[in-house]
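Q: Can you walk me through this one? I have it open on my screen.

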There are 2 protein chains.
Amino acid sequence: MTDIRARPLDAAAFAPFGQVIAAAGAPDVWINGGRCGRFHDLAPPDIVDGRAGISLFQTSLTALPYSFDMVERHPRGSQAFLPMSHDGFLVIVAPDTGGTPGQPLAFLTAPGQGVSIGRGVWHGVLTALTGSGLFAVVDRVGPGPNLEEFRLTGSYRVVR
Amino acid sequence: MTDIRARPLDAAAFAPFGQVIAAAGAPDVWINGGRCGRFHDLAPPDIVDGRAGISLFQTSLTALPYSFDMVERHPRGSQAFLPMSHDGFLVIVAPDTGGTPGQPLAFLTAPGQGVSIGRGVWHGVLTALTGSGLFAVVDRVGPGPNLEEFRLTGSYRVVR
C-alpha cells in the first residue's frame, strides 16, 4: 500500500493531464448587460470518431483515506467533469509510461472547479467526497470501444 | 406589464424549446463497479458551422418578481446550462411566431436539473435565483455572429 497525498488542484501541475475548468480571474467577456461573466471555451473537447455529448453521472460519495488499485483511460476522447453542487472532489491521474500508468497523483478541487481529463490520460474513477454526487460530464458519444482499464500492481491510498 | 407565472420545469411542457438535463429514473448504465449511474447523452448539441465548447458563466443573482423586456436566440447552436451549485434557476423561453417571439413562458428548475435551449429558440438571459450563480455552459464555438436580440413590446414580470 502506497500513500499518495492529495494536493490542491493547480492548473500548472495538472496541465500534463488536462485542464482546470474554473471562473478564474477576469471573464473573457461580460454579457447580459454586464450582469454575467463568460469564461470562454475553457477545455475544448478532444474527440476522435464521434462528437461531444452531455451526460450526467450520479455517484455515491467516497471518504478519505481512499484506496484504489485501478485506473482507466479513454483513447478516443477527453472527458470533462463539472460538479452540480458547490463542492470539491478528488481527481486521480497518472502519467503514461510506455503504455501503462506510472505513479498516480491526487488533486483536490475547490468548490466551483471542474476538470477535463485529456484524451488517453490515465485516471481514477469519479470520486466525490461531499455534496450531491451529481456531475455533468462532457465526453465522447460515438461507436466502438473507448475504455481501457488497468489493474495496478499494488494498491494506493489517497490521504489528506 | 404582463405577469407570467413560473411553473415547475416539466420535460413535456419544455419539449418545444429544448431538453431537461436531469438524472431522472434509472441510469442508462451503471459504471465504476456499480457506484455510479450514467444518464447518457441527454441533450445532443445542435451546432452549425462550429463545435461544442465548455464555458463557465458567473452571473449575479436575480429575485422574483423579475421583470424583463428582451429575449434572444442563437441561430447557430443550442446552449446547455448546467448549474454548479445545487439550486434551481429560472428559465424563460418564448415560441417563435413568424420570426419574432410570442408570449414568453417561465419555468423553475429543481436543484440538480439543467436545461438545453434549442438552436434558434427565443429565451431570456441566464437568471439564477439562489446559490453560487456559477453555470457550466455547453454551446457553440465558431466564427461569425450567433446572437439575435429582440426588444419586446411591453414588459413582462415573472411571479411565483
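**Where the chains meet**

Q: Which residue stands opposite B:F57 in β6(B)?
A: That is A:R38. Keep in mind that this is a predicted model.

Q: How do the two strands there run, and how many bridges join them?
A: Strand β5 of chain A, residues 36-39, is joined to β6(B) by four bridges. The two run antiparallel.

Q: How many residues does each chain bring to the contact?
A: Chain B gives 48 residues, and chain A gives 48.

Q: And what area is buried between chain B and chain A?
A: About 3,500 Å². Carbon and sulfur atoms give 56% of that area.

Q: Which elements give two or more residues to chain B's side?
A: They are β5 (36-39), β6 (51-59), β8 (79-83) and β16 (134-141) of chain B. The largest share comes from β6(B), with nine residues.

Q: How do the residues on that side divide?
A: On the side of chain B that touches chain A, 25 are nonpolar, 16 are polar and seven are charged.

Q: How many salt bridges are there between chain B and chain A?
A: Four. One of the salt bridges is between B:D41 and A:R51, with the closest N and O atoms 2.6 Å apart.

Q: Why can side chains like that pair?
A: Opposite charges can pair when the charged atoms come close.

**One serine**

Q: New topic. Where is B:S85?
A: B:S85 is in the loop between β8 and β9 of chain B.

Q: Buried or exposed?
A: B:S85 counts as buried, because its relative accessibility is 5%. The cut-off for buried is under 20%.

Q: What does the side chain of B:S85 make polar contact with?
A: The side chain of B:D87, at 2.6 Å. The side chain of B:S85 also reaches the backbone nitrogen of B:S132, at 3.1 Å.

Q: Which residues does B:S85 touch, leaving out those up to four places away in sequence?
A: From chain A, B:S85 touches A:M84, A:S85 and A:H86. From chain B, B:S85 touches B:G131, B:S132 and B:L134.

**Strands inside chain B**

Q: What pairs with β12(B)?
A: Strand β2 of chain B, residues 7-8, pairs with strand β12, residues 105-108, in the parallel sense over two bridges. There, B:R7 stands opposite B:F107. Strand β9 of chain B, residues 89-94, pairs with β12(B) in the antiparallel sense over four bridges. In that pairing B:V93 stands opposite B:L105.

**Salt bridges within a chain**

Q: Back to salt bridges. How many does the structure hold over all chains?
A: There are 18. Among them is the one between A:R157 and A:D3, with the closest N and O atoms 2.9 Å apart.

Q: Which parts of the chain does that pair link?
A: Distant ones: A:R157 is in strand β17 of chain A and A:D3 is in strand β1 of chain A, 154 residues apart.

Q: How exposed is A:R157?
A: A:R157 is partly exposed, at 30% relative accessible area. A:D3 is also partly exposed, at 42%.

Q: What about A:D69 and A:R151?
A: Their side chains meet in a salt bridge at 3.1 Å, N to O. A:D69 lies in strand β7 and A:R151 in strand β17 of chain A, so the pair ties together parts 82 residues apart in sequence. A:D69 is partly exposed at 31%, whereas A:R151 is exposed at 57%.

Terms used: Residues are numbered from 1 along each chain as its sequence is written. Chains are lettered from A and ligands numbered from 1 in the order in which they are written. This is a predicted model: local features need pLDDT of at least 70, side-chain atom pairs count only at pLDDT 80 or more; totals for chains, interfaces and linings use all residues. Side-chain values use heavy atoms; hydrogens and water are left out. Contact means heavy atoms within 4.5 Å. Buried area is the accessible area (1.4 Å probe) that two parts lose on being put together, summed over both. Ala, Val, Leu, Ile, Met, Phe, Trp, Tyr, Cys and Pro count as nonpolar, Asp, Glu, Lys and Arg as charged, and the others, Gly among them, as polar. Two strands pair if DSSP finds at least two bridges between them. Buried means under 20% relative accessible area, exposed over 50%, partly exposed in between (1.4 Å probe, protein chains only). A polar contact is a pair of N or O atoms within 3.5 Å; within protein, one must be able to donate a hydrogen and the other to accept it, and residues adjacent in sequence count only if both atoms are side-chain atoms.
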